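Open the model in your viewer and keep the selection tool at hand. The stops below say what to select next and what is there.

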Amino acid sequence: MFGFKNSRDDQRGTVQLTRRQLLKTGGLIMVSAAATGPLAILAGTGPVLHPPVPAQGPFPVPAGTLVDSFIAISANGDVIGFNGHVDLGTGVRTAIGQLVADEIETDIARVKIILGHTTRTPDLGPTIASDTIQNTSTPMRQAARQVRQLLINLAAERWSVPAAQLRTDNGFVIGAGKRLSYGELAAGQDLHIDLDQHMPLRSSKEHKYIGQSVARVDIPNKVLGALTYVHDVRLPGMLHARVVRPPYAGADHTAPLGSSLVAVDENSIQHLPGIVKLVVQGDFIGIVAEREEQAIAAMRQLKVQWKEWAGLPDLSLAGLHATLDKLDKEPRMLREDENYKDAVQKITQPIDRDYVWPYHLHASIGPSCAVALFADGKAEVWSGSQNPHDLRKDLGKLIDLHPDFVNVHRMEASGCYGRNCADDVAADALLLAKAVGQPVRVQLMREQESAWEPKGTGQLIKLRGGLDDAGNVVAYELQTSYPSNLSPTLALVLTGKVKHEKKVLQMGDRTSIPLYDYPAVRAVSLDAAPIVRASWMRGVSALPNVLAHECWIDEAAWLAKADPIAYRLRYMKDERAVGVIQAAHRLSQWQDGVAHRAPTPAREKIAKGRGFAYARYFHSKFPGFGAAWAAWVCDVSVNRETGEVKVDKVFCTHDCGAMVNPAGVRHQVHGNIIQSTSRALKEFVTFDASGTTSLDWGGYPLLRFDELPEVQIELLERPHEAPMGAGESASVPSAAAIANAIFDATGVRLTEVPFTPSRVLAEAKAKAQ
């Protein structure tokens, strides 16, 4: 069907072995989980696993809905690990391999990790919330440890010696003057047993690979041009297609999606060469052609009439606050201390602020792509989805098949750090492949990706509270308004397979509770229906909530005439947080004192400032659980004439517990810093009344190479602590640290992202008056 462009398939990335093939080659040990209970991610406890269910088709998910097998051993001794999460460029394939190698005690070169392929891997939910290493890797580690013990028991039985006298090393069981490889012991075995979810893992002092900067296993194939990305998949007889979307770019339930098509003029493309089929189903329009450029030409020349609609509210930077404020909301109390109402009466120095976060693009450099094949009543799809198991269910619904007749091959794709159009284009490809009976490749155009990707949503956070005469925090209230971010797969909506209706999700509460021990706190999430298509994006609602938290306490410190870091530590009891904050103080050579105490002289064009912010990312269903701790100190330059802000240097300290791969963690922290700096300074989506207008890079500027800050990172060593998610935490303090640095430089408090030159100048002018 398809293959690598060279023979270097050591595929710790893409092993093609199935469990059946492994059995035929002579050996397989599988450990599956058969625990009861629904799929859920609990606070720090890992996934609860479904029991197996009978297969309904040729492509069942291993062990039913969630888990079949985590670990297999082939006849040659290779260890294959199966995990339903995917690698979005964070290096988790390498890190999971390190975990498995240490638990089963074999050479890491013998470990192959298969991620996200729906017929090969357990369904562990979408790859979100920095959850892969922190939680969903645990059953795989337990399985690897359990398999090691099984192999010891097999050797003990064969040699007639007590198992306690045997040990394992580098893929061998050793003892009684003998040694057998894992492959030899596994030969002929077909052990299908329940996972011992109480299996103890190795202690940190026994680790060989965990804690080492093992080289990324995915890089060689990318450098050598081997097949890695879904964009490069080619199948025999493959056709190419493009889709035509409605003109309401990125709109949600308020637009007439699913019932907006008035007419399609098929004759408008009859003169074009290579057209195979025009497919119209409801509001879904796709054109299949022999060649890609033919499909593009047809997409551009097809005459289509849609219903007129221009129902979006004002989502401009100037109008976003009012729009978010006016939304219908469902209040949800997150915390209300008994003494809050009484404490409010004691405030003598009020600090009431509103903070606004704009809509952001995931801004994948390459538009989303997928390839689909439908034959003999079965569907196979090659996709870059970060949620392949749920995508499989959506694809089944789209073409009226049980999900067990749908197989999603998970490939790598353009970076997203959240949901882009990967799922949407996979559904497009399958719908068209079914219509023409041949494999079909669909790639979106740049303007389609930008228009229809589910955006990182806008957010309004209102803080009310204040201090007493001595400068102590008396009371603190947060109200966070967050339009939901469900965004069903687009083809389901366009074809009418799912009802296009508003749905309110509870997603605005990430890190909504202040991380400081204030004497009286009230926190409310004001959940709202979506305005435009939106979905999770790095930091989800935590990054905006922390903007508010950390700017507010910075202002409180200034009113109290206190050093910003020392003031925070007054209210901090979390020892890990204190450690991160103190490390940032030391790393940056922080000079104690009140912010904006020594402003740059007015005669100088460039004002310099330094700011601080701290956060721990809390995610998943409220109250959720914490990922890594992170603190920022950043130095900025502000041009007083143009308003331009440049982040000169970022110092970041980070505590994610035991680091599986320190180099990988460092890369993630660095990437978080660059991306979130860009988001804080430059990025925002523009809209008109019909939809998204930020359709190209000119309309959505990003941080340029010559604008990148110098970055200095310190990773705190916590080898005896549990590993925490590191994929998002370093971004969470970013905007607040930059805002606080701008205040230190200019005396201006910015409360709305992005911190554009026009906003800096406007606030400076208002302050001067």
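Start by selecting helix H17 and helix H18: H17 passes H18 in a right-handed crossing (the near helix is turned clockwise from the far one by less than a right angle). Helices here are DSSP runs of H or I with at least four residues, strands are E runs of at least two, and both are numbered from the N terminus.

This is a predicted model, in which local features need pLDDT of at least 70, side-chain atom pairs count only at pLDDT 80 or more, and totals for chains, interfaces and linings use all residues. Residues are numbered from 1 along each chain as its sequence is written, and side-chain values use heavy atoms, with hydrogens and water left out.

H17 contributes Ser 676, Thr 677, Ala 680 and Leu 681, and H18 contributes Ser 734, Ala 735 and Ile 738.

Phe 743 is buried at 3% relative accessible area, while Trp 558 is partly exposed at 37%. Buried means under 20%, exposed over 50%, and partly exposed in between (1.4 Å probe, protein chains only).

Last, select Tyr 359 and Phe 687, which are both buried.

How values were computed: Contact means heavy atoms within 4.5 Å.
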